[in-house]
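I hope they are handy while you have the coordinates open.

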Amino acid sequence: MTSSEAAKTVSNPHQAGPPLWLLAELTYRCPLQCPYCSNPLDFASTEQELTTDEWVSVLRQGRAMGAAQLGFSGGEPLVRQDLPDLIAEARHLGYYSNLITSGLGLSEAKVNAFRDAGLDHIQVSFQASDPELNNAVAGSRKAFDQKLAMARAVKEAGYPMVLNFVIHRHNIHQMNDIMALCERLGADYVELATCQYYGWAFKNREGLMPSRAQLEKAEAEVQAYRQQLAVSGSAMKLIFVTPDYYEERPKACMNGWGSLFLTVAPDGTALPCHSAKLLPIDFPSVREMELKTIWYDSPGFNHYRGDSWMPEPCRSCDEKGKDFGGCRCQAYLLTGNAVNADPVCSKSSHHDRILAARRAADHATAGIDELTYRNADNSRLFFRG
């Protein structure tokens with residue numbers, strides 16, 4: 001059977017709708033070594049990245065299925081020399097496209113070239129509000145100054161300035177300084193994303209997780225700053241993402257497994273979320289199967305659709321239509337079995353593991369230099385090819 005014939009035989013057993021958001025993880029290579037990176041711990045062993053033609057095929061297939069929003073991510077997507085070509089193809093296909101970048105490797109010329117090629121949106125990430133901590137976390141002595149320059153270049157090119165800070169116990173005390181920096185830069189949107197624990201972040205959880213007191217103080221500071229912005233008439237929007245570990249109910253991870261989001265990893269593996277590669281599930285590659293067949297008919301994407309897979313307490317819970325049992329990756333990391341209820345939920349028999357993590361965070365003493373940073377082989381990977 002040819003791939004085109006296979007695509008026509010899609011059965012869609014769970015009556016899934018089309019993917020609306022396509023995340024193209026172009027590479028795991030990156031100039032930074034952040035200890036909270038969500039990429040796989042064994043990213044260095046990833047097979048050969050998709051070629052330009054293969055990525056173009058993925059973009060075309062995704063758009064034909066109905067995907068409207070496209071994210072270029074990594075690693076650091078600027079590593080890919082074909083990024084301008086992929087941006088132009090995305091514009092031609094009619095995507096709303098977003099570049100998620102550290103800012104390293106970016107320049108004013110590239111910002112303008114991306115704009116001319118049709119890129120709609122650029123998000124620049126920071127590690128802290130001051131150079132010393134920012135560069136220590138990033139593992140780069142020049143990171144902070146480069147990020148500042150590129151944030152300004154993005155704004156000058158006519159893009160909205162969208163900044164992202166991953167918040168953890170070593171920078172959460174800087175919340176007011178972070179927001180003030182963003183306001184000085186003229187940011188339009190600021191995502192204060194409290195660390196979520198996957199990949200390298202899970203490995204470093206004890207050294208990254210803020211205490212409840214730190215979290216409550218930060219939330220109060222964000223709310224107070226919002227009020228100041230409203231009084232001053234500033235249009236800057238602050239988005240504060242609370243860590244799962246301090247919730248009593250799990251989030252509706254990715255709006256439900258295989259519901260809206262489709263991720264393609266650098267080697268072509270198609271995933272329902274960027275962390276799903278850690279699960280003991282055989283996910284297909286776009287090199288082996290049409291994207292439409294993968295989305296609708298592959299066992300991997302149908303694994304946790306619907307609710308027939310749910311054990312108790314999820315199966316009889318009246319909230320299962322809201323949270324879909326929570327995060328499968330989190331359940332697997334914390335219990336060893338992805339079928340279990342997300343331990344974040346207070347109804348889970350494994351909720352004690354979340355409570356233990358909270359208690360540990362209240363007494364954690366590890367310094368920034370005691371974290372395990374993303375592999376030292378990172379630099380070699382960044383410059384290879």
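1. Let me begin with Phe261, which is partly exposed at 22% relative accessibility; buried means under 20% relative accessible area, exposed over 50%, and partly exposed in between, with a 1.4 Å probe and protein chains only. This is a predicted model, where local features need pLDDT of at least 70, side-chain atom pairs count only at pLDDT 80 or more, and totals for chains, interfaces and linings use all residues. Residues are numbered from 1 along each chain as its sequence is written, and side-chain values use heavy atoms, leaving out hydrogens and water.

2. The structure holds 9 aromatic pairs. Rings of Phe, Tyr and Trp (its six-membered ring) pair if their centres lie within 6.5 Å; planes under 30 degrees apart are stacked, over 60 edge-to-face, and the rest tilted. Trp21 and Phe261 make a tilted pair, with 6.1 Å centre to centre and 40° between the planes. Trp21 belongs to strand β1 (residues 21-25) and Phe261 to strand β8 (residues 261-264), so this pair ties together parts 240 residues apart in sequence. Helices (H or I, at least four residues) and strands (E, at least two) are DSSP runs, numbered from the N terminus.

3. Another pair to look at is Phe126 with Phe144, which is edge-to-face at 6.0 Å centre to centre and 80° between the planes. The two residues are 18 apart, with Phe126 in strand β4 (residues 121-126) and Phe144 in helix α6 (residues 143-156), and the pair links distant parts of the chain. Phe126 is buried at 1% relative accessibility, and Phe144 is buried at 5%.

4. Which residues form one aromatic cluster? They are Trp257, Phe283, Trp295, Phe301, Tyr304 and Trp309. Two arginines sit over rings of this group: Arg305 lies over the face of Trp295, at 4.9 Å from the ring centre, and the charged end of Arg328 is over the ring of Tyr304, 5.9 Å from its centre. A charge sits over a ring if NZ of Lys or CZ of Arg is within 6 Å of the ring centre and within 35 degrees of the ring normal.

5. Now for helix packing. Two packed helices are described by the angle between their axes and the distance between the axes. Helix α7 (residues 175-185) and helix α10 (residues 212-232) have axes that come within 9 Å and cross at roughly 30°, which makes α7 roughly parallel to α10. Axes are lines fitted to C-alpha atoms, for helices over the stretch in contact, and angles run from 0 to 180 degrees between N-to-C directions. Angles under 35 degrees count as roughly parallel, over 145 as roughly antiparallel, 65 to 115 as roughly perpendicular, and the rest as oblique.

6. The crossing of α7 and α10 is right-handed; a crossing is right-handed if the near helix is turned clockwise from the far one by less than a right angle, and left-handed if anticlockwise. On the α7 side the contact is made by Met175, Asn176, Met179, Ala180 and Glu183, and on the α10 side by Ala218, Glu221, Val222, Tyr225, Leu229 and Ser232. Contact means heavy atoms within 4.5 Å.

7. Helix α2 (residues 52-65) packs on helix α3 (residues 83-93) at about 20°, with their axes 10 Å apart, which makes α2 roughly parallel to α3. The crossing is right-handed. From α2, Thr52, Trp55, Val56, Leu59, Arg60 and Arg63 meet Leu86, Glu89, Ala90 and Leu93 of α3.

8. Asp244 deserves a look too: is this residue buried or exposed? With a relative accessible area of 7%, Asp244 is buried, and its place is in the loop between β7 (237-241) and β8. Leaving aside residues up to four places away in sequence, Asp244 touches Gln196, Tyr198, Lys251, Gln330 and Val344.

9. Please check the backbone at two cis peptide bonds. One joins Gly74 and Gly75, with omega about 20°, and Gly75 lies in the loop between β2 (69-73) and α3. The other runs from Glu312 to Pro313, with omega near 10°; Pro313 is in the loop between α12 (299-302) and α13 (320-323).

10. Finally, some positive phi values. Gln15 is not a glycine, and its phi is near 55°; Gln15 is in the loop between α1 (3-8) and β1 and is exposed, with a relative accessible area of 63%. Asn255, also not a glycine, has a positive phi of about 60°. Asn255 lies in the loop between β7 and β8 and is partly exposed at 41%.
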